[in-house]
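Please brief me on this structure.

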Amino acid sequence: MSPLNPLSSLIPQKEVRVRFAPSPTGSLHIGGVRTALFNFAYARKNGGKFFLRIEDTDRERSEKRFEVEILESLAWLGLTAEEPFWRQSDRLAKYQAVVKTLLTSGCAYEEETDGRKAVKFRMRSGAIQFSDLVHGTVVFSGEELSDFVIQKSDGYPTYHLACVVDDCEMKITHVIRGDDHLSNTPRQIALYEALEHSPPQFAHLPLVLGQDKLPLSKRSGEVALLYYQREGYLPEAILNYLALLGWSPGENREIFSLSEFSSEFSFKRVQKTSACFDLEKLRWVNKEHIGRLPEDRYLKEIKKFFLPDSDSSREKWRNEIALLYRERVFVLSDLQKLADFFIQEQPTFDPEAVQKYLLDVEVLKRLNEWANVLDLESDFSSPQALETLLRQTAEKMKVKAADLIHPTRVAISGKAVTPSLFEVMFCLGKEMVVKRLRYAANHFSSKCKDEVGG
RNA sequence: GUCCCCGUCGUCUAGCCUGGUCAGGACAGCAGAUUUUCGAUCUGUCAGCAGGGGUUCAAAUCCCCUCGGGGACGCCA
């Protein structure tokens, strides 16, 4: 017995075991990811184990493809669970055996409705109290709870029964799940009692709501994790943002890694109130993570979204462009929209940009001259050389540099907004720049309004 | 309806447990700067303790009520 802490030797330190238990009735959604994340973090924090359990007791709605998708999504996120994972449909015999003992002990009874025979659990009376790690003490009264079905007429267990039986067998120590299960808890505690098993600790996390303040649903914008993956959100950014929904490190720090979150996680800092999913902030968090990526990782990730099949000869060129846009990319798929003119034969002209900078006879005349200058003698060896040349040319034309810069930008990119024009010209190359300047000068001249009025 | 949970800027939150710093930060918004544009960057700024009672010298913080939101009450999970 330690003289410093006599209690430590009396209370055996139980290994922390938690689980994420989705049902494969749809794509993994961001609320589910958040639940998985908090489970994962709590296990990590306590040197415990994180399990995955597929709750596929709804024969109608469960689909194998969703199970596969959930597995892949968790792997992509890096929320790795113990192998192998559990699947409830593999354990029907176990549930049926438990139902039998409950029937025998009188805790359950059969009931026939509309010719279908199910088994119901006899809810006990009296107070049912538990201590929730997020909410503190919660008390329900057994009288308010009615008996409930634990085995369906098809022989499958219902959620409550399967969940409790598995949590017992998996030796789950902490059930960390969404707030929507808070009122299910007294029913499950009654089941633990009937099975003569002590209940685990419970922690009910605040719900993630859609932007409309309503619970996540198909109507509340995009809820599937897969969508965010395809848009080019980084797993670390999604996890970081979701961690912020209901938890904070307690200081003014918002960008952190999964391992930082895991080592700092505590239920003491978990919010009791539900949180709205804010796409704008997620985008910002994603941008912050993109900015923190090592260059090679950034290039590797962006490659999935920009010229993914380019051969090695264009690899260098693609990387130059990607780097040019690095601080402008919020989600990886932004690049293909922002830098589309690099890979298109002709840029797609933004009508507003054209209107503002190109529809002027004098401007187009200058662009033509400028194209000739570039064609004849230009030094495309560096962005700096191009800038010098442009400023000299503007001076000869007796116009401000900006009066040549903006039209050039629109002519070669079709856009009013790009990174530094000289970097863009440099990446695009002499041939393409000259060609596009001449095309614009020619093409838009017919569209200029005769200002003299005719 | 009954029971349970929750209520700090538009949104995410710090502060609450252990009353006493102009209620702090972030995203969005707005304004300004850079003038090679802006959805980039930098700077500044607006905005909140749901309401009402109490306890106290002092309440976002403790207590009660009201109101508001959410959840459960499925042979869904």
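A residue counts as buried if 20 or more other C-beta atoms lie within 10 Å of its own, as exposed if 12 or fewer do, and as partly exposed in between; C-beta atoms are placed from the backbone. This is a predicted model: local features need pLDDT of at least 70, side-chain atom pairs count only at pLDDT 80 or more, and totals for chains, interfaces and linings use all residues. Residues are numbered from 1 along each chain as its sequence is written, while chains are lettered from A and ligands numbered from 1 in the order in which they are written. Helices (H or I, at least four residues) and strands (E, at least two) are DSSP runs, numbered from the N terminus.

**Surface near the RNA**

- RNA strand B is surrounded by 57 residues. The closest are Glu55, Arg116, Lys152, Tyr159 and Asn252.
- Here, a residue is near a strand if its C-beta atom, placed from the backbone, lies within 6 Å of it.
- Two or more residues each come from β5 (116–121), β7 (136–141), β12 (275–276), α10 (279–292), α18 (401–413) and α19 (421–428).
- Helix α18 gives the most to this surface, with 4 residues.
- By class, the surface near RNA strand B has 22 nonpolar, 17 polar and 18 charged residues.
- In this scheme Ala, Val, Leu, Ile, Met, Phe, Trp, Tyr, Cys and Pro count as nonpolar, Asp, Glu, Lys and Arg as charged, and the others, Gly among them, as polar.

**Helix pair α16 and α20**

- The axes of α16 (residues 361–377) and α20 (residues 430–443) come within 8 Å and cross at roughly 155°. That angle makes α16 roughly antiparallel to α20.
- Axes are lines fitted to C-alpha atoms, for helices over the stretch in contact, and angles run from 0 to 180 degrees between N-to-C directions.
- Angles under 35 degrees count as roughly parallel, over 145 as roughly antiparallel, 65 to 115 as roughly perpendicular and the rest as oblique.
- The crossing of α16 and α20 is left-handed. A crossing is left-handed if the near helix is turned anticlockwise from the far one by less than a right angle, and right-handed if clockwise.
- On the α16 side, the contact is made by Leu364, Leu367, Asn368, Trp370, Ala371, Leu374 and Asp375. On the α20 side, Lys430, Val433, Val434, Leu437, Arg438, Ala440 and Ala441 take part.
- The residues of this contact of α16 with α20 divide into 10 nonpolar, 1 polar and 3 charged.
- Two residues are in contact if their C-beta atoms, placed from the backbone, lie within 7 Å.

**Helix pair α5 and α6**

- The axes of α5 (residues 159–169) and α6 (residues 185–194) come within 10 Å and cross at roughly 55°. The two helices are therefore oblique to each other.
- The crossing of α5 and α6 is right-handed.
- His160, Leu161, Cys163 and Val164 of α5 meet Arg187, Gln188, Leu191 and Tyr192 of α6. By class, these contact residues are 5 nonpolar, 2 polar and 1 charged.
- Ile189 also sits in α6. It is buried, with 21 other C-beta atoms within 10 Å.
- Beyond four places in sequence, Ile189 contacts Ile128, Phe130 and Pro199.

**Buried helices and residues**

- In helix α8 (residues 235–244), 9 of the 10 residues are buried, so α8 is largely enclosed by the rest of the structure.
- Cover for the buried residues of α8 includes α2 (30–45), α3, α7 (225–231), α9 (258–264) and α10.
- Gly246 follows α8 and has a positive phi, near 115°.
- In α19, Val424, Met425, Phe426 and Leu428 are buried. The buried residues of α19 pack against α14 (340–343), α17 (383–396), α18 and α20.
- Leu74 lies in α3 (residues 64–77). With 23 C-beta neighbours inside 10 Å, Leu74 counts as buried.

**Backbone points to check by eye**

- Most residues other than glycine have a negative phi, and most peptide bonds are trans.
- A cis peptide bond joins Glu83 and Pro84, with omega about -10°. Pro84 is in the loop between α3 and β3 (86–87).
- Lys171 has a positive phi, near 55°. Lys171 lies in the loop between α5 and β9 (174–178), and is exposed, with 12 other C-beta atoms within 10 Å.
- Lys213 has a positive phi of about 70°. Lys213 is in the loop between β11 (208–209) and α7, and is exposed, with 9 other C-beta atoms within 10 Å.
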